[in-house]
Structures are given as structure tokens and as C-alpha cells.
Amino acid sequence: MRKFLLAAAAAAVVLSAGAAAPTALAADAARADDSRADLATAAQLRDAALKANPAYEIVASLTTEVGPRLAGSPGDRAAVAWAVAKLKALGYENVRTQEVIVPQWVRGEASARVVAPYPQPFATVALGGSIGTPEDGLEADVVAFPDVEALRAAPREQVEGRIVYLGKRTAKTPDGRGYGEAVRGRSTGPSHAAALGAVALVIRSIGTSTQRFAHTGGTVYDISQPKIPAVAISNPDADLLERQLASGKPVRMHVRVTARDLPRQKSANVIGEIPGTDLADEVVLLGAHLDSWDLGQGALDDGAGVAIVAAVGAMLKERGLKPRRTIRVVLFANEEFGLSGATEYAKAIGEEASRHHAAIEADLGSGRIWKFSSRVRPEALPTIRAIARVLQPIGIQLGDNEAGGGADLRPLRPLGVPVFTLQHDATQYFEVHHTANDTLERVDRAELDQSVAAYAAAAWLFAQSPVPFGPVETAAPAPAPAR
Ligand SMILES: [Zn+2]
């Protein structure tokens with residue numbers, strides 16, 4: 001950062017002197033040449049990635065050789081070992097792990113069925129973090145609400161002793177907004193139901209699929225309320241339950257969950273770098289999360305993100321390209337169940353936070369990227385527009401300067417770190433996200449390649465930028481992400 005300030009001060013002196021000295025003009029010309037060369041290199045990386053890059057092989061390797069990797073599980077430990085070996089094989093330097101302590105929750109079995117008026121079993125999964133039921137399960141009448149807000153407004157006598165059902169549907173949107181609007185029921189529903197005396201919570205899956213796959217994801221108990229078991233049923237099963245509720249006859253359900261918490265475990269963030277040259281002490285962070293839910297293979301969430309960011313450094317290495325700033329890939333531990341890795345990373349960087357020039361995370365599958373947005377100081381916006389012009393030929397438009405960054409970047413934002421979003425088309429993402437159907441078959445190679453093209457071009461231009469992007473003023477802490 002200091003070099004920039006000196007350069008900016010020197011430029012100010014030149015401007016105030018009226019007629020620029022010949023040496024300053026020569027330096028300006030050299031900088032313009034550098035910028036043109038950087039834009040050309042970025043365009044070459046973009047076009048090369050569309051033809052060939054290692055991302056698909058990386059996500060195939062992760063899903064085949066590791067598969068599900070829930071925080072604290074044996075799969076999680078295998079993923080850390082896999083990532084260390086993979087980053088080394090791809091040519092990364094300074095490959096290392098950063099220890100992270102993570103919760104260990106074991107899913108066990110979950111079942112939910114109607115026992116009256118028309119008995120039927122449902123495709124069911126426990127919500128992440130749910131407590132178990134008694135060994136034989138529990139049985140109660142069902143009281144239904146359209147969403148968590150309606151539940152919160154209900155009188156206690158309507159809810160007490162019953163199983164609460166939340167029927168909020170997830171809208172299918174390219175920006176994932178529908179998920180953000182529905183996910184509150186999953187994260188806060190159990191405690192709101194428990195506050196009114198409910199004995200269990202059943203939710204419609206927070207996903208858009210009409211297939212019979214139930215959707216898991218973390219729930220967060222409010223420590224001031226009793227804990228009750230919480231499960232999701234697939235969307236077709238939710239439709240069936242709602243038809244039975246609509247009959248007007250009392251609906252009674254049985255729910256059984258054997259989930260439990262075990263002692264916390266060691267996991268790790270896995271970090272690898274493509275070292276910079278003249279600005280090596282400044283960092284361009286490319287993030288993704290290494291953990292996944294346990295039901296599928298963690299292919300889209302977030303194997304695709306791991307593959308996209310890991311492929312970028314490999315492409316630079318293969319071409320002998322040396323960035324000015326250090327490109328650092330961080331594969332975060334336990335995003336899904338508490339942002340443990342992201343929290344540890346932000347805690348550990350200390351004064352290096354001010355040398356984080358840019359941070360971006362790939363964590364919305366592998367759909368085509370359609371929008372690029374930033375969160376930089378206003379003086380950097382001309383550079384952002386120049387980057388956007390390199391992305392435009394592959395169908396990416398420039399968004400606003402209010403990028404959220406990914407969930408794992410949330411702890412970095414209050415530190416003033418400039419964050420970016422390359423927004424994937426999420427229309428299909430919530431068909432499989434957090435379900436048993438999140439498999440390699442759902443990764444479209446051409447779309448993944450377009451994502452790598454965007455990340456490679458953007459990362460190169462972040463690393464080469466003639467101006468600093470931050471620090472970014474942060475009035476309030478970043479809002480809670482929808483995971
Ligand atoms: Zn994710």
C-alpha cells in the first residue's frame with residue numbers, strides 16, 4: 001500500500017508543478033503501455049480458458065476422490081489433504097494449512113410421515129445442527145404457517161404441543177434472491193416455533209426442485225429458547241402435506257431424528273499462492289469453501305468454486321505469467337455450518353488486512369457469470385470499468401459498487417477489504433443445492449469454463465491494477481449471508 005501512496009503523492013506534485021517534467025511524462029507513457037499489456041494478457045487468459053483449463057478435472061477429482069465433506073467428518077479431513085496435494089500439483093507455492101476448530105454434527109437418520117388422516121411417508125432430511133428426537137420419535141398434530149413471520153405472529157395456544165409446518169416456497173431467480181427470502185425459515189424457524197411451545201419443526205425444502213430430494217442446510221438455535229428437532233421434506237412431499245391440510249381434517253405427523261453433536265474437531269483452511277513481483281506483499285484473495293453438506297458430492301456447492309479459483313493460478317503458472325501482487329487462493333473450512341474458516345482467517349491476518357487489495361469468492365455453483373460488481377473506493381472505478389470491458393465479450397455486464405462478496409468474505413468487509421462479485425446465473429443452482437442431487441453430473445463444463453475465463457481475467461487485472469482499490473469505508477458490519 002505504501003508504494004501506491006508514494007506514487008500518488010509524486011503524481012500530485014507533478015500535476016501541481018504545471019508543466020510536467022519529461023521524466024514524469026515518460027513514466028506516464030510507460031504506465032499506459034503496462035496497462036495496455038495487462039488488458040491484452042487478461043483477454044488472452046479469458047479466451048484461453050474458454051478453450052482449455054483444469055477446472056473440470058479439479059471438481060471431478062474432488063467429487064470422485066473425496067465426495068461429501070461435512071465439517072469435522074472424515075471426508076473433511078480427506079478434503080484438506082486432497083487440497084494440499086492438488087494445489088501443489090497445480091503449481092501453487094507457499095501451500096499451507098491454517099488450523100480451524102469446527103463443530104462436528106452427525107446427521108444420523110431422519111423420517112417424517114403423516115399418520116392421519118391419510119398415512120404416507122415423506123422424503124425427509126434433518127436440518128444441519130438439529131437435535132434428535134426421543135428414540136421412538138414423536139407424534140403430534142400439525143399447525144401450518146406460510147412463513148416464519150406468520151409463525152411469529154401466532155398465539156401460543158395455536159402452536160403449543162404441536163408440530164409446526166412452514167410452507168414458504170423458494171422462487172427461482174437468476175440472482176438467488178428467492179433463496180435469500182426463504183432461508184430464514186430454516187435458520188430461525190426452530191427457535192421461533194419452540195418459543196411458542198412447538199415440539200418439532202417441519203419445513204418445505206428451501207430449494208426450487210420438484211424432484212423428491214429434500215434440502216438440508218444449517219439451522220441456528222437461539223440459546224434463550226428450548227431446542228426442538230427440525231427437518232425438511234421435499235417439495236413434492238410438501239405439496240402432498242398441504243393437500244392433506246387443505247382437506248380440513250386434523251393432520252397428525254410422526255417425526256424421528258437421530259442426529260447428535262460430537263466433540264469439536266480440527267479442520268483447516270488450505271492456502272496456496274502465486275507470488276507477486278514488485279507488489280508481492282499485497283494480496284488478491286480468490287476464495288471458495290472446501291467443506292460441503294453430506295448428502296451429495298458437494299459438486300456445485302462448492303466443488304465448482306474450488307475448481308474455478310484453483311484453475312486460475314494453474315493457468316498463470318502454465319504460461320509463466322507473474323502477477324505484480326500475490327494471488328492467494330484460500331479454500332475455507334466449514335462455511336456451511338458457521339463460517340469457521342472465514343472467521344479464523346480474518347482473525348489471523350492482523351495488519352495484513354490493509355494489504356488485501358481485492359477479495360472475491362466463487363460460491364454459487366458454475367452457471368454462466370452474467371454480472372461483475374465491486375466494492376472499491378470511488379477513485380478506483382475507472383479501473384473497474386476497464387476490467388468490465390474485458391469481461392463484456394463473454395456476456396458479463398457491469399453491476400454496481402455495492403458487491404457483497406461471498407459468505408466467507410463477510411468477516412473481511414469490516415476491515416475495509418475491497419470485495420468483488422462475479423455473479424453466476426443461479427436459476428438452476430437451487431434445483432440441487434444442499435441435496436443428494438448435488439453431483440458432478442450437474443456441473444456443465446462449458447459454463448464452468450466461462451466462469452474460469454471471467455475469474456482468470458479479473459484476477460489478473462486485480463493483481464496488475466495501477467491504483468489501489470481500498471481501503472473501503474464500512475459504516476456497518478456486513479449483513480448476514482444466506483448460506
Ligand atoms: Zn456454498
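## Basis of the model

The structure is a predicted model, in which local features need pLDDT of at least 70 and side-chain atom pairs count only at pLDDT 80 or more, while totals for chains, interfaces and linings use all residues. Residues are numbered from 1 along each chain as its sequence is written, and side-chain values use heavy atoms, with hydrogens and water left out.

## Overall form

The protein chain contains 14 helices and 16 strands; these are DSSP runs numbered from the N terminus, helices being H or I with at least four residues and strands E with at least two. The radius of gyration is 24 Å, close to the 23 Å that the globule rule gives for 483 residues, so the chain is as compact as a globular protein of that length. This radius is taken over C-alpha atoms, and the rule is 2.2 Å times the number of residues to the power 0.38. Along the principal axes, the C-alpha atoms fill a box of roughly 90 × 45 × 40 Å.

Of the 483 residues, 56% count as buried (under 20% relative accessible area, with exposed over 50% and partly exposed in between; 1.4 Å probe, protein chains only). Among contacts (heavy atoms within 4.5 Å) with a separation of 6 or more, 85% come from residues 24 or more positions apart.

## Aromatic pairs

The structure holds 11 aromatic pairs. Rings of Phe, Tyr and Trp (its six-membered ring) pair if their centres lie within 6.5 Å; planes under 30 degrees apart count as stacked, over 60 as edge-to-face and the rest as tilted. The rings of Tyr179 and Phe430 are stacked, because their centres are 4.4 Å apart and their planes stand at 15°. This pair links distant parts of the chain, 251 residues apart: Tyr179 belongs to helix H7 (residues 177-182) and Phe430 to helix H13 (residues 429-432). Tyr179 is buried at 3% relative accessibility, and Phe430 is buried at 6%.

One aromatic cluster is formed by Phe372, Phe420, Phe462 and Phe469.

## Surroundings of Leu398

Leu398 lies in strand S15 (residues 397-398) and is partly exposed, with a relative accessible area of 36%. Apart from its neighbours within four places in sequence, Leu398 is in contact with Phe372, Ile384, Arg385 and Ala388. Phe372 is also a member of the aromatic cluster. The C-alpha atom of Leu398 is separated by 35 Å from that of Ala79, which is 319 residues away along the chain.
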